[in-house]
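Me: I'd like to learn how to read helices and strands in a model. Can you walk me through it?

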Amino acid sequence: MTLLERFIEYVTIPTSSDDKSNTVPTTKKQFELARKLVSELKEMGVEDVYVNDMCYVYAHIPATEGCESKSKIGFIAHVDTSPDFADSPVNVNIIENYNGEDVVLGDSGRVITNESFPHLKSLAGRTLLTTDGNSLLGADDKAGVAEIMNAIEVVLKNNIPHGKISICFTPDEECGTSADNFDVKEFDADFAYTVDGGTEGEVVYENFNASSAVFDVNGFNIHPGEAKDRMINASIVAMEINSMLPSGETPRDTEGYEGFYHLCEMSGCVESAHLEYIVRDHRAANFTAREDTLRHIEKLINQKYGEGTVTLTIRESYRNMEEMIRPVFEIVEIANKATEMAGVIPTHNPIRGGTDGSRLSFMGLPTPNLGTGGHAFHGPYEHITVEGMEKASEIIVNIIKLCAE
């Protein structure tokens, strides 16, 4: 089976997760792809492979003779796709020898334009994969799944020497819970790589520090005719809270290492109001300062309107994995060299978001993230090239080779 054939098979299996569900996995349909992967790995000759009752596929390939003492390495990707367009069938559009121009997505009225995606010109001459504009493509992260599977097939068919290889395909990454039930001991690797990034050649070991912040506002509702110096309109207080945050520190206004406050949801009336934020920053000190700013706002509002007017709840989401990767930076250097061996220049842009590798790194499994070759994830403009996937898979093979040397 070619990498393209494998990818198309995977993306046409519906596996969207559900961020409103409390089950594990959040959707039972993820099992269909998980069981298929188990079957395919067995056909390749992998004996130690299974899917557990939470939809985690674990596979272990013992070291070849003479490589038993080499590092135990792992590769991880997720089988679920974003809850957006959850019930939409995926119709893959294959454009051979793509010309680099704008791409009309079927009859959907949507167009992948060079204005919105300036990298399109660099994909000219490749085989471009899109949808008809009515669904996600699912390259996030079925490209990563297909690339790992393809790499393992190459290694086993060609008897490439290797240390122990561990593989895990996880559910519910798009809900942010896939690391919750990841069994590091069962996985049994010295370090690993998630294959869940963007452009091929990405080797990412930095991500945001992240938390959620919720302001609950208690108003004092009284007849407007008697409200002088007595009414506390919770909705107006909520707007006041937001106005106290730096106006230029939103996702729209920031890039690179710049952090932000992002108002995700708000609701309210005179009696009560509710504000939900996510807070992000790469630098630990800056991140702490952002959370302190929120606490200071809580203090000022309660001093102005009375204690108990506003309650702030901050919950940590994840931390910058660089803290755990730096002491074992050789795993990044291995990925860099593997990328160069594939004829690709490695890039190290920080993730402006999170990754399973962050949580896994703090769970004792250092895990940088590798690019898959995909672009514009989480929307109908998602696209990827066959050549990009082939390079990503080649990089995985190269990592396996280097770790056996």
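Here we go through a helix and then a strand.

Reply: This is a predicted model, where local features need pLDDT of at least 70, side-chain atom pairs count only at pLDDT 80 or more, and totals for chains, interfaces and linings use all residues. Residues are numbered from 1 along each chain as its sequence is written, and side-chain values use heavy atoms, with hydrogens and water left out.

Me: How many residues does helix α8 have, and what is its reach?

Reply: Helices (H or I, at least four residues) and strands (E, at least two) are DSSP runs, numbered from the N terminus. The expected span is 1.5 Å times one less than the number of residues. Helix α8 (330–341) has twelve residues and reaches 16 Å from first C-alpha to last, close to the 16 Å expected.

Me: Which residues of α8 are buried?

Reply: Buried means under 20% relative accessible area, with a 1.4 Å probe and protein chains only. In α8 that's I331, V332, A335, N336, A338 and T339. They cover an arc of only 165 degrees around the axis (taken from the directions from the axis to the C-beta atoms), so they sit on the same side of α8.

Me: What comes after α8?

Reply: G343 follows, and its phi is positive, near 80 degrees.

Me: Which strands are joined to β11?

Reply: Two strands pair if DSSP finds at least two bridges between them. Ten bridges join β11 to β13 (272–281), running antiparallel, with S211 partnered by V279 of β13. Eight bridges join β11 to β14 (310–318), also antiparallel, and there D216 has T311 as its partner.

Definitions and conventions
Buried < 20%, exposed > 50% of the residue type's maximum accessible area, 1.4 Å probe, protein only.
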